[in-house]
Every structure is written in C-alpha cells, then in structure tokens.
Amino acid sequence: MYSGASNFVNATDTAFFFIIGISVIFLVGITGTLLWFIIRYNKKRNPVATQIHGSNTLEIVWTVIPTILVLVMFFYGWAGYSPMRNAPEEAMKVKATARMWSWMFEYPNGIKTDTLYVPVDKPVALDLISLDVIHSFYIPAFRIKEDMVPGRGNKMWFIPKIEGNYELFCTEYCGLSHSYMFTEVKVLSKPDFDAWYAKMADTTRKSVPVSDPV
C-alpha cells in the first residue's frame, strides 16, 4: 500500500513483516508439534501414560531462543520508531488541530485549511492539538500515527516522497460522528506548493478553508 510514500514506510514495513514472519513460524511450528503429540501419544498408541520429568536442556532452549527473538524484534521496532521523535530543524511547521469531528491545519503565514497541503521531499513537522477529547492522527500510507490528548501537546513529522492524495483520519473513537472525521493529505510538487502557498497568503482568506489548488 503506497510503498515509499513517506520516509518511514520502509523501516515500519520491515519491522512489521519481520514480526509477522516470526509469529507465523511459531504458529505453524507449535501447531504442528501439538498435532504430533496428539497423534503420537493418544490412548491407542500409548495406552499406559508415562511420567516425563523436566529437561534442563529444553528449559534453556525455549527460554534463550524466544528471548533473542524478542530482543531482535525490539531492535527493529526501536530502529523504526526512534527517528520519528526528532524532526529536522529545517522542517516546515504546521499546527494540526482536532475537534469533534473535523481537522484544521494552520501554516506559519496564517493560512488555515481543512486539508493538509505539503510539498514533496520536504520535512513537515506537525504540532498536534486536541480541543476536546482524545483523537488519533493517522496517515496509513505514511505509516505514522500519534494520539492527540486535550491539554497535552504532541508532535510528529514526516517527509512525503510521492505526489498524490492520501487519506488522513482519526483512529481513536471520539463520539457519534467519529467515522466521518477524515480528510486528505495533498502532496504537491514544490512549484505547485509554493504557488498555492503564496496565493493563499491573502489575509482576506486566512480564516476560511481554502480551495483545492489543482
């Protein structure tokens, strides 16, 4: 889904598929072992139950191997998550405000829109604010999601890599019209974004949602 749409896609997908792969291997292995034991030690094949005492070797194996796997999964997860916390200094800053049940984005020059417009290949840092209840800012194609808690600011950043329109919606149930709380991220070429940004700087249009530039 939108492979490479942002700078976080590859790291997130790598961690996801690695963890899913390990989980599937264990699911198949444990299920297969369970079925083997059911068949091998049923009453017909093993009429007299045998008491089997513990094995130190097995205890070590099924303790050490899962521990190593968990540490590797943690590494992949942290390697993908850690860069998400530190936006570059040159990032374009946008204030993203959530309320039941709409979004508002405010740019440094005062433009306010209900759709997020960003230039391709430019870091974008979002200041996330909720005016009422808990919301969750989610752009699936970019593999980014952050909660927005009233009274507590939060931040996120990303670099859009491919021009186009992408879904943006709330993933925290926030009331009756939660399912309608969605909008779009429009990733424009730098010339198109600069033209839109300059055009919308007119102070007579700062307080109302602006039109689509394309």
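## Briefing: salt bridges, sheet, cysteines and a surface patch

K190 and D194 are four residues apart in helix α3 (residues 190-199), so about one helical turn separates them. Their side chains meet in a salt bridge, with an N to O distance of 2.9 Å. The model is predicted. A search of the whole structure finds six salt bridges, while the count of disulfides comes to zero. Five strands form an open sheet with mixed pairing. A nonpolar patch on the surface includes V28.

- K190 counts as exposed, because its relative accessibility is 52%.
- D194 counts as partly exposed, at 37% relative accessibility.
- The contact between the K190 and D194 side chains is 2.9 Å, N to O.

**Salt bridge between E146 and R85**

- The side chains of E146 and R85 meet in a salt bridge at 2.5 Å, N to O.
- E146 lies in strand β7, and R85 lies in the loop between α2 (56-81) and β1 (92-99).
- The pair therefore ties together parts that are 61 residues apart in sequence.
- E146 counts as buried, at 14% relative accessibility.
- R85 is partly exposed, with a relative accessible area of 36%.

**Salt bridge between E184 and K186**

- Another of the salt bridges joins the side chains of E184 and K186, at 3.2 Å, N to O.
- E184 is partly exposed, with a relative accessible area of 33%.
- K186 counts as buried, because its relative accessibility is 7%, which is under the 20% cut-off.

**The five-stranded sheet**

- The strand order is β4-β10-β9-β6-β7, and the sheet is open.
- Its edge strands are β4 (116-119) and β7 (144-148), each of which pairs on one side only.
- From one strand to the next, the twist averages 20 degrees.
- β4 and β10 (residues 182-188) run parallel and are joined by four bridges.
- Within this pairing, L116 stands opposite V185 in β10.
- The edge strand β7 also holds E146, the partner of R85.

**Cysteines**

- A disulfide is a covalent bond between the sulfur atoms of two cysteines.
- The structure has zero disulfides by the distance rule.
- C170 is in no disulfide; its nearest cysteine sulfur, that of C174, is 4.0 Å away.
- Seen from C174, the closest cysteine sulfur is in C170, and 4.0 Å is too far for a bond, because the cut-off is 2.5 Å.
- C170 is buried, with a relative accessible area of 4%.
- C174 is also buried, with a relative accessible area of 4%.

**Nonpolar surface patch**

- F16, F17, I20, V24, L27 and V28 form a nonpolar patch on the surface.
- Together these residues have about 600 Å² of accessible area.
- V28 has its place in helix α1 (residues 9-40).
- V28 counts as exposed, because its relative accessibility is 56%, which is over the 50% cut-off.

Technical notes: Residues numbered from 1 in each chain as written. Predicted model: local features only at pLDDT ≥ 70, side-chain atom pairs only at ≥ 80, totals over all residues. Heavy atoms only, no water. Patch = residues over 30% accessible without salt bridge, like charges linked within 9 Å, V, L, I, M, F, W, Y side chains within 5 Å. Areas by Shrake-Rupley, 256 points an atom, 1.4 Å probe, with all protein chains shown as cover. Salt bridge = Lys/Arg side-chain N within 4 Å of Asp/Glu carboxyl O. Helix = DSSP H or I, 4+ residues; strand = E, 2+ residues; numbered from the N terminus. Buried < 20%, exposed > 50% of the residue type's maximum accessible area, 1.4 Å probe, protein only. Pairing = 2+ DSSP bridges. Axes fitted to C-alpha atoms, helices over the stretch in contact; angles between N-to-C directions.
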